[in-house]
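Q: Hi! Could you walk me through a few spots in this structure?
A: Happy to. Let's have a look together.

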Amino acid sequence: MTKILLFPIILLITIVQNSYDLISILQGGDLALHTYSGPIYIKLLKDVLFFSIIFMVIISSTIKGESFLKETLVFIFLLILILFFLSMYFNGVYIALLGVRWFIPLFIFLIMGNWVANLDNKKLIFWIYIGLYICLLVQVIQLFIMPPIYGVIFANIPARTPGIFMAPNSAAFFGCASAALIISASEGRFKESLYPSFLSLLISLLAQSGTGIIVSFLLIMTILTERNTIVRFVILPIVLIVAFLSLNIITQRDNYLELSGGGRIDILISIFEKSIYQYYSVNGFGVFTNAANLSSENPEEMVAPDSLIASMIGNLGLFFIPIVVLLVLFYRNYINKHNINSSSYIPVLLVFILFSFTTIIFEAFPMNLYLAIALLLTNKSTKNFAGITK
């Protein structure tokens, strides 16, 4: 696989691995995440892609005489290795391997900086737009042919169209992550940043995802208010609060804040209320993953973190804080080393951080890969949102 084929392959895998779920949706089937009945190998396609990327990064680095083994990477890898063996002892090989599977996107992020730097940004942007258009087109088609699985809006229109994904929130996340990647690849230029952000907002509105709507809105406003400090730090927060409190109306979902946002907040709170041994021990690696939850014979009784923050606390235990600190230091050093301007990476961090409260990002494909690449893309621009005044 060459770099030219990377993004069409990502898009193809995304559509193929969700095909059985989409068929189930159109047939009015059960939407519980643990009801997947398609071939398992389809779900493993993304894992094959991840291992292929790791292999290519190692080969490329070896040929060019570059080192991808940094001190931070080695230390984190050793911690994960310890967690793996502890989990294998306490939970079995399968759960321990699910922990490794959960960690792989982060591992890729740590090693592929030099490899990402040589991507063709124009071709990257082209294929990301193709993905956005396909998702949006499928959502529009679903407005006419999808059974009212999530109910109806405006009397007879099916609610919450998920596009090329099973879950509507995934479609919104895909839209926002795609927009963030385009912004990063276009070096934060005004026109190139604004359009994909509006596309992500449209996808999020059709998916009726509160998180997607808020994140898309913030992407747009971050771009529009780059040169206006008063609007950005005084008026924008007020507008954002009003929009957040109006999500029930905007999403056309009853009790959205209580049922969706409140449920995730309850999960986070419960983690801090549980005993230190249960959640901050070092034997939960792989247990706090969607994969472990979905492969259980009784998923309702399994741990469903439902957010990256909760998942990291559960999987990493006592190592959670040192690993997070190391990751922050690693990325700060990467930004300084490559002189990446804030207009490129702030929108990506915005998407990453806010969706971390509602999604286990490491397990959300292809958004996990999109955000990793977006954070690592380097640029030569010296002005934030270049061309904003032109």
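**Loops, a helix and a cis bond**

A: Let's start with Arg160, which is found in the loop between β2 (157-158) and α9 (168-185). Keep in mind that this is a predicted model.

Q: Okay! Is Arg160 buried or exposed?
A: Arg160 counts as buried, because its relative accessibility is 12% and the cut-off for buried is under 20%.

Q: And what is phi of Arg160?
A: It is near 55 degrees, a positive value in a residue other than glycine. Most residues other than glycine have a negative phi.

Q: What about phi of Asn339?
A: For Asn339, phi is also positive, near 55 degrees. Asn339 lies in the loop between α18 (320-338) and α19, and at 58% relative accessibility it counts as exposed.

Q: New topic: where is Thr359?
A: You'll find Thr359 in the loop between α19 (342-355) and α20 (367-376). Pro366 has its place in the loop between α19 and α20 too, and the peptide bond from Phe365 to Pro366 is cis, with omega near 5 degrees.

Q: Back to Thr359: which side chain does its side chain make a polar contact with?
A: That of Asn169, at 3.2 Å. Leaving out residues up to four places away in sequence, Thr359 touches several residues, including Phe173, Asp306 and Leu308.

Q: How many of the residues of α6 are buried?
A: 14 of its 19 residues, so α6 is mostly covered.

Key
Residues numbered from 1 in each chain as written. Predicted model: local features only at pLDDT ≥ 70, side-chain atom pairs only at ≥ 80, totals over all residues. Heavy atoms only, no water. Helix = DSSP H or I, 4+ residues; strand = E, 2+ residues; numbered from the N terminus. Polar contact = N/O pair within 3.5 Å; in protein donor to acceptor, adjacent residues only side chain to side chain. Contact = heavy atoms within 4.5 Å. Buried < 20%, exposed > 50% of the residue type's maximum accessible area, 1.4 Å probe, protein only.
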